[in-house]
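Subject: Handing over the structure, with notes

Dear colleague,

Please find below the structure that I am passing on to you.

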Amino acid sequence: MVTIQEKKKYQAYYTKSRPIVKYMVDKLSIQPMDKIFEPCGGDGELVEGILKLNNSARIDICELNPYSVELLNKKFSDYLNVSVWECDILLDLDLNLKTGFGGFYDKIIANPPYGAWHDSEKKAILKNTFPGVYIKESYALFLFRCIDLLKEGGMLSFIIPDTFLNLHMHKALREKLLTRTKIIELALFPSSFFPGVNFGYANLCIISLQKTSAKKDCLNNIFRVLTDFSTVEQLNYYDKAKLKVYDFAQEEILSNPDYAFFISENSKISKIIKHSTTYIGDIAKCVTGFYSGDDKTFLKVLRHNLKNGKNYGLIVNEKINTTYQHSNDILDGIEAEDCFLPIVKGGNVKYFKPDVWFMDWSKESVKHFKKDKKARFQNPSYYFKMGVGVPMISASSITAALIENKLFDQSIVGVFPKDENLTYYLLAFFNSPTCNQLIRTINPSANNPANYIKKIPFIEPNKAVLIDVTEKTSAIVESIKRTGQYDLQVEKEVHTLIKELYGF
């Protein structure tokens, strides 16, 4: 039996979906004499899929988990054409000798581990072995390594999270994919299609490719992207009318910032991202906020019926400081008894969040925050300033709320425009469908870290539009403060102004 600790180490998600297995095997176009490799055998589902198609296929299986190695040996004991090795393909020197230190396999298929744990010694080795590759994400290492193990013209099919398409830490992997392989097809679908898996941060992708050393041939290659699946069965029997299907030239992707895959049904979005001369990072500081290191001790809540509120102590009104904005040394803490200050936390709330969370900001506590290793007293020059707070994790749409000279926590990216006159305009922009289209093209995951918010194109409004949007957004905020609601028609008018500005 695999223990919880082993699961953390190996991060194996077994391929139990027949439609997924069939799709991946079919993409390999297996021939009778192919030499096939499965670098992380798991429970052997992918190998079984190959053997159903060609029971004489010559297959090598690697697996790091001894428990899985034992199961694989039993499962394929009757197949003389199947070999099982206990090894780590990322480091194993014996594998280099067996494969001739290079392209050896005609076909490679895998469902590699996602985010497997490595100790400090292995991390150091991996950094030297795979320079530029993001070693904290094991699937990226497996894909990078297996491209090298393919013969020229060899085919590969992997099922992996889609984060490699856009996240900046995967730039080196994207460059290799675009210049050393011909991508055949990307199938993008919800992680919930994969039995036992439901990532909050990403969807899944099956990438099919062919190794090609000629860079010119790679760049001229046109590949297909399939999205908008409603059922997993559509992988094998899809109707183009029911899916979103895109074609891209690899040369086009390579010309994008960080070689990112900007996949959008609106070509204008990709063009604006690619050719914009000004981005949010140029006109505003985008920084993450504060963390106490022990919120259960230092954080209080106004009411227990708020989301997660029952886990925290209730604030006493007499402890809330309402005059802190006049303090010149606020970053050193408050001497008085009323030492709790409002803090803006995450959560998908638009425009304005009432003061319901309060942080202990006594001098003693602030001294602790500055010294404690668990605390994050980061970017303090932006604490208690006027800005816009964008939650690091969003639902289907990005949202933003005003930071009115308050503390903001690390689940928030604080956006502080260099020109304060842009504050309400940016508040409207980050709550608009236009911004959502842009950020979801730049980074399709549910995360909105500062580095991606900085990459959102900024088109400066003319004076009339700026005044109009600022006045309407200010009215929305004031209405929420008074009544908890706002006029949806006013919001629609603001969204239209921003949409027209971007030409969507």
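Predicted model: local features only at pLDDT ≥ 70, side-chain atom pairs only at ≥ 80, totals over all residues.

Residues are numbered from 1 along each chain as its sequence is written, and side-chain values use heavy atoms, with hydrogens and water left out.

Helix packing

Helices and strands are taken as DSSP runs numbered from the N terminus, where a helix is H or I with at least four residues and a strand is E with at least two. Axes are lines fitted to C-alpha atoms, for helices over the stretch in contact, and the angles, from 0 to 180 degrees, are those between N-to-C directions. Angles under 35 degrees count as roughly parallel, those over 145 as roughly antiparallel, those from 65 to 115 as roughly perpendicular, and the rest as oblique.

Helix α15 (residues 423-430) and helix α19 (residues 488-502) have axes that come within 10 Å and cross at roughly 90°, and the two helices are therefore roughly perpendicular to each other. On the α15 side the contact (heavy atoms within 4.5 Å) is made by Tyr425, Ala428 and Phe429, and on the α19 side by Val494, Ile498, Leu501 and Tyr502. Sorted by class, this contact has 7 nonpolar, no polar and no charged residues, where Ala, Val, Leu, Ile, Met, Phe, Trp, Tyr, Cys and Pro count as nonpolar, Asp, Glu, Lys and Arg as charged, and the others, Gly among them, as polar.

α19 also packs with α16, at an angle of about 50° and with the axes 8 Å apart, which makes α16 oblique to α19. Pro433, Thr434 and Leu438 of α16 meet His495, Ile498, Lys499 and Tyr502 of α19 in this contact, and the classes here are 4 nonpolar, 2 polar and 1 charged.

Helix α16 (residues 433-442) packs with helix α11 (residues 267-275) as well, at an angle of about 75° with their axes 10 Å apart, and that makes α11 roughly perpendicular to α16. The residues in contact are Ile269, Ser270, Ile272 and Ile273 of α11 and Gln437, Leu438, Thr441 and Ile442 of α16, which by class gives 5 nonpolar, 3 polar and no charged residues.

How much of α16 is buried? The helix is mostly covered, with 8 of its 10 residues buried, where buried means under 20% relative accessible area, exposed over 50%, and partly exposed in between (1.4 Å probe, protein chains only). Its buried residues include Thr434, Cys435, Asn436 and Arg440, and what covers the buried residues of α16 includes α11, α15, α17 (450-453) and α19.

Thr473, in helix α18 (residues 463-483), is buried, with a relative accessible area of 0%. If its neighbours within four places in sequence are left aside, Thr473 is in contact with Tyr351, Tyr424, Leu427, Ala428 and Val494.

Asp34 sits in the loop between α2 (18-26) and β1 (35-38) and is buried, at a relative accessible area of 8%. The side chain of Asp34 makes a polar contact with the side chain of Lys107 at 2.7 Å, a polar contact being a pair of N or O atoms within 3.5 Å, of which, within protein, one must be able to donate a hydrogen and the other to accept it, with residues adjacent in sequence counted only if both atoms are side-chain atoms. The Asp34 side chain also reaches the backbone nitrogen of Gln31 at 2.7 Å.

Aromatic rings

Rings of Phe, Tyr and Trp (its six-membered ring) pair if their centres lie within 6.5 Å, and planes under 30 degrees apart count as stacked, over 60 as edge-to-face and the rest as tilted. By this rule there are 32 aromatic pairs. In one of them, the rings of Phe189 and Phe229 have centres 6.4 Å apart and planes at 85°, so the pair is edge-to-face. Phe189 lies in strand β6 (residues 181-189) and Phe229 in the loop between β8 (222-227) and β9 (244-249), so the pair ties together parts that are 40 residues apart in sequence. Phe189 is buried at 2% relative accessibility, and Phe229 is buried at 7%.

With best wishes
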